[in-house]
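Hi,

Here is the structure I promised to pass on to you. Have a look at it first, and then read my notes below.

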Amino acid sequence: MKASCIKAITRKDAVAAMRNKLIVLGLFAGVIFAVMYYVLPSTVEETFTVALYDGSSSQLFPPVSELEMEGIHIIFFTSGEEFEKAVEEGDYVAGIALPENFDSQLLSGKQPTITLYFKSDVPESVRTSIEYFIQLTIEYVALGEQPIDIETEMLGEDMAGKHIPLREQSLPFFLVFALMMEMWTISTLIVEESAFGTMRAVLVTPASPSDVIISKGIVGIGYSLIVVVSILILTQSVRGNLPVLFLGIFLGAIMAVSMGLFLGSLTKDILGSYIYVAVPMLILILPGMFIFVPDISLSIVKVIPTYYLANAFGQILNSGAGLVGVWKDFLIIAGFDTVFFVLGVYALRRRFS
Amino acid sequence: MMTTDGEKIIETENLTYSYGDTLAVDHISFSVEKGEILGFLGPNGAGKTTTVKMLTGQLVPQEGWGKVLGFDVAQEPKKIHEKIGVCFEEKNLYPRLTVKENLEFFVNLFGLEVDIDPLLKRVDLSKWVNDRVETLSKGLQQRVMFVRSMINDPDVLFLDEPTVGLDPISADAIRNIILTEKKKGKTVFLTTHNMMEADKLSDRVAFINEGKIVALDTPENLKLKLGKRTLKVKMRTEKGFEEETLPLRDPETPKRAKELLEKRNIATIHTQEATLEEVFMKLTGRKLEQ
């Protein structure tokens with residue numbers, strides 16, 4: 001390896017890439033992603049529809065018309081069967097079930113037990129609001145403070161605190177997408193060297209295949225950083241643990257570069273290379289896309305390397321996670337990086353020799 | 001014509017390379033001395049490019065060995081690359097870079113600080129120095145490639161069809177540069193289809209056919225040994241012109257020539273040298289430009 005050769009090839013690739021209209025367009029992906037980010041809703045749903053079951057036809061519990069307040073819409077059920085079905089199917093963020101002897105317990109000064117059912121992704125703040133709403137209602141009925149027992153049942157995995165506006169949820173997707181786009185930049189730079197026959201000319205100079213591979217990697221990582229940082233700046237999302245965030249970006253960039261090296265070795269045809277890149281790119285951005293279709297089981301996407309990247313970005317940016325929170329993701333990404341890099345370098349060296 | 005001092009700059013012994021079952025280069029042995037221009041001639045698929053690829057370290061010989069400047073082509077290709085210049089047949093420049101950027105890139109690869117302007121002037125390229133290569137004609141691109149091969153002031157030049165696609169004036173300029181480099185003691189391995197060019201530039205010529213060197217000598221010796229000198233007579237007839245070629249070594253030729261002269265209708269008469277093309281055909285039964 002020669003530093004002067006690496007420097008020369010890197011500089012040449014950077015200039016050549018800047019004159020490739022498609023690659024330059026790729027640099028503007030950051031702007032496009034930022035626009036998409038601002039189009040997405042920035043707040044969570046604020047009106048909740050709640051199911052209320054009163055099996056004892058309570059005379060004391062106020063009618064629905066008196067109970068409804070800003071942010072809470074109540075649907076009254078008289079059939080326990082229908083109530084359970086509706087709550088289980090997730091049509092309502094919460095279900096409120098009054099006990100059968102609600103009136104008598106309340107009149108005798110006993111502590112009635114009201115059961116609340118919540119969908120798993122209901123934010124903690126909403127749960128607290130609904131519990132507070134019940135408490136207020138009972139105080140209203142009892143004309144004063146009345147101890148009640150509230151039982152809470154979660155329907156599915158507890159997602160408290162994880163309710164994040166779609167805009168913020170989409171950020172990991174945009175970052176992964178931007179990083180994986182660099183696969184295409186790298187593969188284009190390599191395929192062009194073959195298509196234009198310039199690789200032969202370079203390899204009869206002091207430059208070695210390793211110099212070429214390292215230079216392409218540097219250009220790829222540089223371009224990844226430009227696009228990703230522009231997304232973070234334009235979306236005003238430079239937050240969280242920045243060293244950990246940039247470590248994640250770096251690991252993602254290495255993954256894209258390694259894949260680009262491998263894919264670039266598969267063909268000498270520039271147009272053909274676009275197809276070779278398109279398929280893996282679509283697969284690799286899939287984990288980020290799953291935030292838009294949350295009902296699909298995440299276990300399917302866990303086999304895709306970028307799942308761990310998207311997950312780590314989400315944790316860092318939206319939950320304030322540090323290295324402790326994402327080290328497992330980083331370790332898995334680093335493992336994939338190693339495999340892809342070895343594969344890419346091996347394929348490319350075979351191609352060049 | 002040869003200005004050698006006996007130092008072998010290129011040497012091969014039983015150099016062999018196959019692509020699968022196809023034997024591209026079949027145990028060839030030859031040497032080129034310092035300051036010599038070796039013309040390497042053969043039809044397409046004869047093994048010329050494979051030989052050049054082995055000598056320039058792009059392919060590792062499967063049998064035999066080759067040395068350039070004393071370095072083994074298989075073991076020390078990077079030491080060879082420091083001191084050679086290669087001009088490829090196919091156009092392999094960076095199309096989106098300018099002429100200057102293309103050449104400076106290669107200057108940087110060699111870690112040199114070279115003023116490219118004098119080189120550009122030698123091939124009349126100064127006018128296009130800031131033009132992108134993709135906007136240049138094939139002939140201009142060929143000139144850029146030739147300049148690129150000389151950017152590191154190489155001891156050995158491997159030139160594959162260096163004048164293809166050039167106008168006669170540019171081609172002559174490049175041929176003159178090749179001869180100037182030879183005078184400076186540079187060794188040139190010249191691959192070409194152009195027989196006139198090979199004849200004019202080469203100290204010796206190697207004919208390669210089906211992977212084997214079938215003849216290796218000076219152009220004069222090859223023509224004398226294997227060619228046929230002729231007397232070409234062009235006569236006026238009622239229908240136009242008629243041509244007759246008489247072999248000079250044939251004992252019947254003087255008699256026939258006298259007969260033709262007596263008819264007094266001769267338009268032109270001249271002797272004709274054998275060409276390398278004819279020599280190659282005699283040796284292999286094939287045309288060079290097949």
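Before we start, one term: two strands count as paired if DSSP finds at least two bridges between them. Please also keep in mind that this is a predicted model.

Now to a bridge in chain B: the partner of Asn209(B) is Lys212(B), which lies in β10(B). Strand β9 (residues 204-209) of chain B pairs with β10(B) in the antiparallel sense, over five bridges. Both belong to an open sheet of six strands with mixed pairing, in the order β6-β7-β8-β3-β9-β10 (chain B). Because β6 (84-87) and β10 (212-217) of chain B stand at the edges with a single partner strand each, one side of each has no neighbour in the sheet. From one strand to the next, the twist averages 15°.

Helices pack here too. α1(B) touches β3 (37-41), β7 (156-160), β8 (187-191) and β9 of chain B, and its direction makes about 150° with that of β8(B). Helix α5 (residues 138-149) of chain B lies across β6 and β7 of chain B, at about 165° to β6(B).

Next, how do the two chains meet? The contact involves 26 residues from chain B and 25 residues from chain A. About 2300 Å² is buried between them, with carbon and sulfur atoms giving 60%. On the chain B side, Tyr94(B), Arg96(B) and Leu109(B) lose the most area to chain A, together 29% of what that side buries. There are four salt bridges between the chains. In one salt bridge, Lys2(A) joins Glu82(B), with the closest N and O atoms 3.5 Å apart.

Enjoy exploring!

Notes: Residues are numbered from 1 along each chain as its sequence is written. Chains are lettered from A and ligands numbered from 1 in the order in which they are written. This is a predicted model: local features need pLDDT of at least 70, side-chain atom pairs count only at pLDDT 80 or more; totals for chains, interfaces and linings use all residues. Side-chain values use heavy atoms; hydrogens and water are left out. Contact means heavy atoms within 4.5 Å. Buried area is the accessible area (1.4 Å probe) that two parts lose on being put together, summed over both. A salt bridge is a side-chain nitrogen of Lys or Arg within 4 Å of a carboxyl oxygen of Asp or Glu. Helices (H or I, at least four residues) and strands (E, at least two) are DSSP runs, numbered from the N terminus. Axes are lines fitted to C-alpha atoms, for helices over the stretch in contact, and angles run from 0 to 180 degrees between N-to-C directions.
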